[in-house]
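Here's a quick briefing to keep beside the viewer. Have a look at the model before reading on.

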Amino acid sequence: MSKPTDPRGTHSSQADAYETVALVLQGGGALGSYQAGVYQGLHEAGISPNWIAGISIGSINAAIIAGSPMDERIERLRGFWEDICRPTGFSALPWGDAWAQAFQGIPFGFGSPMMNSQLAAYRALTEGQPGFFSPRYPPPYLLRGGPEATSFYDTSPLAATLHKYVDFDLLNRGAVRASFGAVNVRTGNFAYFDNKQMPLRAEHIMASGALPPGFPAIEIDGEHYWDGGVVSNTPLAHVLAALPIKDTLAFQVDLWPARGALPTNLEEVAERQKDIQYSSRTRTVTNIHQRLMKLRRGLQRVLEHLPEDERNSPDLADIRELACTPAVNVVNLIFEAKHYERNSKDYEFGTEAMREHWQSGLTDIRHTLAQPRVLDRPHANQSFVSHDIHRTKPQ
């Protein structure tokens, strides 16, 4: 597959025009390998995010990227995804490739993409995933209390996997800012674990991905946390609301489409419900931010009409801060499921699907970066722009 024709340095220099280059990663389980493909494309283009914010599987990808040396990031991401996924269908059998070619084109037979997806989902439900989670025995509904009675799976294997692929010393040096979103089970309040504010441990990453009732709440400093996707499945608003306000280029990588076709059966209803529930509301966030930029420009004009001594008075310090209008460019990429992927797509941890999702992310970001002016700073009278280019690419 051909890469963009632009030289490597072009994209890097465009990104350098922003103080913050953020990679914003949504939750979505097995679909998270799409985000890894997007990061590979950014890496190829010489774009190095200095802030990575994630929810759930997005937090795991974020931790691996921020907690790895630059030249090892792709290798460690690949190692993590190859470890937690496993082959299905013909790929799991001796001479699997030969069998797959012999039966290629059979739409619903053993080894077809649809059958592989269903098999991968079934195995995840009944067997768990290596290095990630395992079923509880006895099941929680047979227990009368305790942590084991609150979830169907044990996620303790994930701790060892995170220590294998994340250098926590490097992560906590803060060269790349990392933020992981979770929700406090007791208060219902959203929380971000941030390496600029605290030393991060494996528990902080696991808490961000503790989606109930599948996974148990994770205890941190006496409080218990669930997956941040219970409240909001994207950290975009968190990045754009950061103070002090800075010029920002944000790559928002979504795993759930807000838009979709009207369902025609119950299976499609279940899929569409999950898409809507976990979609990031990126359009809502960007619309709100655009209105805020207009308000900030209005405050600037009001301040300009005041006498200089009054404009610079201590009483108006907060107003002067709010009147700041940074340049913000949000580049949105959204995973698009194949026709055979259904409601279980977020727990279909098959190796074949994982590699396909990874390649889709890589293809989409390459196509996006190949477009002219996609990384350009907004004009002074505009301040905020957003792009969703890859959806118009030729199929």
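D221 sits in the loop between β7 and β8 (223–227), where helices (H or I, at least four residues) and strands (E, at least two) are DSSP runs numbered from the N terminus. This is a predicted model, where local features need pLDDT of at least 70, side-chain atom pairs count only at pLDDT 80 or more, and totals for chains, interfaces and linings use all residues. Residues are numbered from 1 along each chain as its sequence is written, and side-chain values use heavy atoms, with hydrogens and water left out.

**Positive phi outside glycine**
- D221 isn't a glycine, yet its phi is positive at about 50 degrees.
- D221 is exposed at 70% relative accessible area (exposed is over 50%, buried under 20%, partly exposed in between; 1.4 Å probe, protein chains only).
- S56, also a non-glycine, has a positive phi near 60 degrees, and you'll find S56 in the loop between β2 (51–55) and α3 (57–66).
- S56 counts as buried, with 12% relative accessibility.

**Cis peptide bonds**
- The P212 to P213 bond is cis, with omega near -5 degrees; P213 is in the loop between α9 (202–208) and β7 (218–220).
- Going from L243 to P244, the peptide bond is cis too, omega near -5 degrees, and P244 falls in the loop between α10 (236–240) and β9 (248–254).

**The whole chain**
- The protein chain has 15 helices and eleven strands.
- Of its 395 residues, 49% are buried.
- Among contacts (heavy atoms within 4.5 Å) with a separation of 6 or more, 73% join residues 24 or more positions apart.
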